[in-house]
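The following report describes how the chains of one assembly meet. Please consult the sequence and the structure shown below while reading.

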Amino acid sequence: MNLKMLVSYATLGYPNREDYLKLVKGLVDAGSDILEIGLLPKYAKYDGPVIRRSYKQVSSWLKDSWGLLEETRRAVNVPLVILTYLEDWVSSLSELLTKMRETGIDGVLFPDLLIDFVDEYEKYVQEIKAHGLKAVIFTSPSVPDPLIHKVSMLSDMFLYYGVRPTTGVPLPVSVDSVITRVRTLVDNKLVVGFGLSDINDMKKALNAGADGIAIGTIYIEEIEKNGVESAISLARTFRGIINGA
Amino acid sequence: MNLKMLVSYATLGYPNREDYLKLVKGLVDAGSDILEIGLLPKYAKYDGPVIRRSYKQVSSWLKDSWGLLEETRRAVNVPLVILTYLEDWVSSLSELLTKMRETGIDGVLFPDLLIDFVDEYEKYVQEIKAHGLKAVIFTSPSVPDPLIHKVSMLSDMFLYYGVRPTTGVPLPVSVDSVITRVRTLVDNKLVVGFGLSDINDMKKALNAGADGIAIGTIYIEEIEKNGVESAISLARTFRGIINGA
Amino acid sequence: LPKPLPPPRDPPDAEFSRIDLLRKIMPSEVLRQQFTVERFVSIPKEVREAYINIGRPTPLIRAKKLEEFLNTPAKIYFKYEGATPTGSHKINTALPQAYFSMKEGIDHLVTETGAGQWGTSVALSARMYGLNSTIFMVKVSYEQKPQRRTIMQLYGANVFASPTPHTEYGKKVLNDNPNHPGSLGIAMSEAIEYALSNGYKYLVGSVLDVVVLHQSVIGLETMRQLQEIDEEPDTLVGCVGGGSNFGGFSFPFIGSKKGTKYIAVGSYEVPKFSQGAYNYDFPDSAGLLPLIKMITLGRDYVPPPIYSGGLRYHGAAPSLSMLIKEKIVDWREYNEKEIFEAAQVFLQTQGIVPAPESSHAIRAVIDEALEAKRKNEKKVIVFNLSGHGLLDLPNYESMMKRIG
Amino acid sequence: LPKPLPPPRDPPDAEFSRIDLLRKIMPSEVLRQQFTVERFVSIPKEVREAYINIGRPTPLIRAKKLEEFLNTPAKIYFKYEGATPTGSHKINTALPQAYFSMKEGIDHLVTETGAGQWGTSVALSARMYGLNSTIFMVKVSYEQKPQRRTIMQLYGANVFASPTPHTEYGKKVLNDNPNHPGSLGIAMSEAIEYALSNGYKYLVGSVLDVVVLHQSVIGLETMRQLQEIDEEPDTLVGCVGGGSNFGGFSFPFIGSKKGTKYIAVGSYEVPKFSQGAYNYDFPDSAGLLPLIKMITLGRDYVPPPIYSGGLRYHGAAPSLSMLIKEKIVDWREYNEKEIFEAAQVFLQTQGIVPAPESSHAIRAVIDEALEAKRKNEKKVIVFNLSGHGLLDLPNYESMMKRIG
């Protein structure tokens with residue numbers, strides 16, 4: 001199949017255990033190709049205010065993250081990529097990766113890998129792969145061109161490209177010109193996310209050559225306003241846009 | 001004869017009647033081709049401090065200028081040119097010129113003609129000539145080039161060119177470059193004076209193409225210091241320089 | 001840049017998103033440029049014309065008499081940003097920011113100013129595009145530098161001595177201490193609050209990438225001017241307050257691999273290079289703006305009252321900070337005595353009274369030129385003279401009495 | 001010039017020759033240039049280099065925003081002499097005079113200054129050639145413009161508040177009135193006496209032909225800069241204090257018959273053009289210098305305390321005076337309110353704070369541009385912006401309060 005990808009994000013356990021599980025299933029049914037699951041971090045340093053709110057809510061009750069992850073794994077059959085900060089795991093990385101592997105997780109994405117660990121990123125990518133996991137690499141406009149090109153070949157599944165430095169804040173950026181330029185550097189599938197703020201942005205990204213889009217903040221805002229069903233229905237809309245593009 | 005001219009200046013009656021007559025005779029004997037005689041003015045506006053001193057001294061005793069002029073005429077047989085300010089005579093010019101003619105004066109030079117009477121200078125030159133006198137025209141570096149050229153053709157005997165704005169003050173000027181330039185404008189004999197301060201200046205002027213030099217302040221300074229005999233002997237020196245040039 | 005630049009971020013337990021706040025207070029084209037991180041941004045025609053109108057390109061001048069005085073084999077050139085009407089490089093970013101504001105239908109700009117260079121540039125730029133402006137000037141400067149105030153008023157700005165009773169924050173400060181002398185942090189907080197509550201926009205004068213981007217006109221012009229006289233630069237020198245003049249001047253050279261040595265000069269009294277940490281920190285003292293990763297003395301650092309007002313800043317632009325950490329850019333720090341001596345040498349040889357800030361760069365240039373003399377090397381040293389000191393003469397007067 | 005220029009002369013009953021005095025107090029090359037009256041004088045290589053070192057050629061800038069503001073079909077250009085380090089055209093003659101002094105082995109230069117522009121230029125030029133300098137600054141300015149004093153001191157000059165106890169003339173004045181505020185005439189007399197009694201040389205800042213000659217670098221550069229952009233000037237405008245900036249700017253154009261209208265602008269409050277006589281008069285109030293024929297309000301004329309210190313002079317250069325009498329050069333006079341308005345328009349459109357003196361020229365330019373608008377004529381107006389007003393901001397502050 002030649003269709004472009006919809007990568008959907010959910011914060012593990014948000015808004016509550018029951019609705020969360022309803023959400024992930026619904027997102028997959030609506031046509032998500034891959035699920036990204038956000039693990040509650042100590043400091044969501046590169047996340048925007050919306051996702052931070054979701055973490056805050058989850059932190060008040062969720063104790064057994066791994067148990068919920070296992071349930072997630074059982075609930076859906078698309079690839080699962082865990083989104084978590086490397087910062088929280090530097091001293092226990094092997095344990096983390098082993099546990100992910102055991103839980104049936106497919107891949108992991110560290111948003112801070114190329115920012116705070118850029119001098120050793122290759123070592124970490126090796127370690128992820130050594131544990132039999134996919135390493136999905138996160139890049140952004142502030143990553144130098146040669147590095148984008150290099151990591152695009154190293155990244156498993158696809159290269160994640162965040163167009164805005166902070167998710168959920170619709171800062172004005174020229175999505176199309178940014179993607180058009182980065183497309184020429186990427187020797188891999190290119191998934192664009194981290195701050196696509198509306199349908200217009202998504203269309204621009206796809207037209208500019210993205211192989212897929214990643215959605216997160218929009219779902220959470222929708223859940224805050226209208227609940228998970230409404231968020232799932234948004235996913236269907238996005239799937240339609242992708243198919244139409 | 002092709003020799004260049006020595007034009008010598010004397011203030012009428014300076015330093016006293018007797019020495020004055022000795023001086024004019026001596027200057028002619030020493031080889032002056034023309035004598036310029038300065039008539040006591042009301043305000044020696046374009047004269048330097050040395051000549052002003054001579055006027056001041058003369059003003060204390062000389063009452064009968066015309067009588068002394070007649071004596072001068074009888075004493076020497078070279079052309080006599082009277083130097084006086086037109087300003088003093090504007091209302092009685094015809095009488096002045098008539099009297100000069102009667103006294104046997106050859107020509108007249110008004111230093112202020114092209115400065116204070118420039119708009120009517122042609123009228124005045126006509127009037128001088130109409131009285132049978134020579135009109136010697138005084139020019140200087142501040143006279144515009146086209147005007148120098150024009151009056152050089154109008155001037156009788158020679159064109160008088162003053163290199164310094166004030167006689168007797170050895171202001172630094174480039175005598176040679178000034179004369180070289182003005183020489184090309186002058187369709188007449190060119191006599192340079194009004195502030196030649198030393199032998200070096202004279203040589204420069206002659207080498208640069210002057211047809212003669214006019215000396216005044218130097219004589220008066222010499223008389224102040226060493227008397228008329230010494231001034232006459234200077235004239236002989238200058239004659240020698242001219243002949244040698 | 002050799003590595004990804006760490007992005008701005010919100011603090012851990014933010015009650016509100018600083019990044020979201022930016023969106024409310026800054027003109028959107030300015031924000032777009034800040035976050036788009038394109039490699040080349042072309043200058044809009046209207047901004048180019050505005051640059052020409054204020055006398056750009058500024059001259060590149062050979063400091064021949066300075067070379068003679070130092071008896072150095074090095075050639076010394078300086079890019080003279082003091083030639084702009086407002087006397088410093090600040091106008092280079094104020095103009096485009098005001099232009100974009102005008103295009104977006106904004107009619108009132110707000111900012112803070114300490115020494116006054118930035119406020120002057122905003123006041124003029126606003127007026128050139130028919131916009132109103134309000135400047136919160138640190139009260140102690142407002143009183144000590146009445147001429148800066150006058151010039152802003154002549155440009156048509158409202159100038160307030162901060163803390164003012166016009167904002168909640170100002171009222172709070174005045175309530176605690178009616179005679180508070182003010183600070184840049186307070187003025188900045190007031191300006192942001194004032195912009196927010198009135199629907200005006202806030203302009204930012206340094207540190208952020210977008211400002212460095214606008215300032216790159218300095219380096220680009222310098223590169224062209226050097227090419228025109230067939231000169232290859234070896235050493236590039238500039239002073240660092242927030243880093244925008246240094247970055248704007250040197251980054252185009254670094255990017256196109258021209259030159260072999262880049263020297264950022266700070267103040268010995270504000271020792272961010274020698275003693276600062278490379279950390280995420282707030283660019284503003286009040287903590288209203290997003291955290292950025294930079295070399296910093298800490299936002300609570302209280303700089304001593306040196307005369308180089310523009311260098312009394314706790315941090316340095318993220319891009320510059322990274323280049324320093326990566327040792328691509330060298331640094332120096334000089335004290336007031338050293339820079340006063342350099343200023344005197346410069347003004348007695350070249351005539352221009354340098355801003356005390358720029359005198360830091362001059363001191364480094366003199367040291368480099370003397371080093372070239374010892375080694376008998378024909379180095380080509382180029383520095384950015386970021387501003388003149390004609391409105392800093394009272395400061396020089398004090399230095400003369402104290403040091404000279 | 002269409003007619004011979006009347007030469008300087010001594011007064012009728014002079015106890016001493018002023019012309020002879022010149023010889024004792026002025027550098028001889030300067031005197032030679034004053035009296036040689038050559039048609040073209042080439043600039044010595046060393047002076048050319050000194051001009052380059054201070055940033056010459058100064059820019060010729062199109063006042064695009066001013067044109068837009070006035071909505072005129074005329075094009076307006078200005079030659080910006082404020083771009084020199086001392087902020088005005090005065091340095092153009094101070095530099096060659098100091099150079100010739102150095103060549104003649106003179107080691108100390110003396111002059112007077114009122115507002116401070118001239119003193120600043122002499123202080124810097126002296127220092128550039130390793131000479132000492134002493135500046136007699138009118139006491140009231142010394143006190144009101146401390147920054148001018150500071151800058152001269154930074155340039156290494158001795159600055160005295162005149163009247164001083166260092167000259168006989170100063171002592172006499174102080175004896176009569178210990179609190180005498182000083183005047184330009186007194187300062188000039190002191191400077192001349194001080195030079196004479198110490199064997200130093202005196203530099204002259206305006207009025208004399210040699211100064212106009214040195215200032216002609218302005219007009220010659222402007223002509224070349226206009227040619228480079230293929231522009232033919234119609235109207236040339238400048239302000240007149242002693243006449244050296246106007247003469248230096250416009251005479252090269254008049255001489256080569258470029259342009260059709262030349263406008264000399266004076267102050268309404270110092271109405272030399274409308275009420276002055278064309279007479280022999282002393283250029284200095286004390287009567288120490290030779291008489292020259294010029295348009296003059298009389299050497300005893302006491303100018304009112306307007307802010308344009310440079311225009312508070314009773315006469316105008318002999319050459320300019322003659323051109324005005326011959327109606328080759330037109331004149332205008334504007335009052336302070338008119339020039340303050342013009343200054344505001346200019347600084348809000350072009351950013352540069354003009355010297356109050358130069359604002360007179362700006363006012364005439366605005367009037368010409370509006371006239372061109374009424375007649376729908378595409379005139380090319382070029383004016384000399386003789387200096388910036390950054391050290392005159394207290395004056396503008398007062399004007400703002402008074403006229404505002």
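The same surface serves both copies, since 100% of the contact residues of chain C recur in chain D.

The model is a predicted one, in which local features need pLDDT of at least 70 and side-chain atom pairs count only at pLDDT 80 or more, whereas totals for chains, interfaces and linings use all residues. Residues are numbered from 1 along each chain as its sequence is written, chains are lettered from A and ligands numbered from 1 in the order in which they are written, and side-chain values use heavy atoms, with hydrogens and water left out.

**Chain contacts**

Contact here means heavy atoms within 4.5 Å. Of the 3 pairs of chains in contact, chains C and D share the most contacts. Chain A and chain B are not joined by any contact, and their closest C-alpha atoms lie 69 Å apart. No contact joins chain B and chain C either, the closest C-alpha atoms being 30 Å apart.

The table lists the buried area of two interfaces, that is, the accessible area (1.4 Å probe) that two parts lose on being put together, summed over both.

| Chains | Buried area | Share on carbon and sulfur atoms |
|---|---|---|
| C and D | about 3,400 Å² | 60% |
| C and A | about 2,300 Å² | 61% |

**The interface of chains C and D**

Here 40 residues of chain C are in contact with 40 residues of chain D. On the side of chain C, the residues that lose the most area to chain D are C:Asn53, C:Leu154 and C:Gln348, together 21% of what that side buries. There are 2 salt bridges between these chains, a salt bridge being a side-chain nitrogen of Lys or Arg within 4 Å of a carboxyl oxygen of Asp or Glu. D:Arg149 forms a salt bridge with C:Glu397, and their closest N and O atoms are 3.8 Å apart.

Several elements give two or more residues to this side of chain C, among them helix H3 (45-53), helix H8 (146-154) and helix H15 (336-349); helices (H or I, at least four residues) and strands (E, at least two) are DSSP runs, numbered from the N terminus. H8(C) supplies the largest share, 7 residues.

**The interface of chains C and A**

This contact takes 28 residues from chain C and 27 residues from chain A. The rule finds 1 salt bridge across the interface. A:Asp116 forms a salt bridge with C:Lys293, with the closest N and O atoms 3.9 Å apart. Helix H1 (18-25) and helix H2 (28-36) of chain C each supply at least two residues to the side that touches chain A. H2(C) gives the most, with 5 residues.

**A sheet in chain D**

Chain D holds an open sheet of 4 strands in the order E5-E4-E3-E6, with parallel pairing; two strands pair if DSSP finds at least two bridges between them. Strand E5 (158-162) and strand E6 (201-202) of chain D are the edge strands, each pairing on one side only. Strand E3 (residues 108-113) and strand E4 (residues 132-138) of chain D run parallel and are joined by 6 bridges. D:Val110 has D:Thr134 in E4(D) as its bridge partner.
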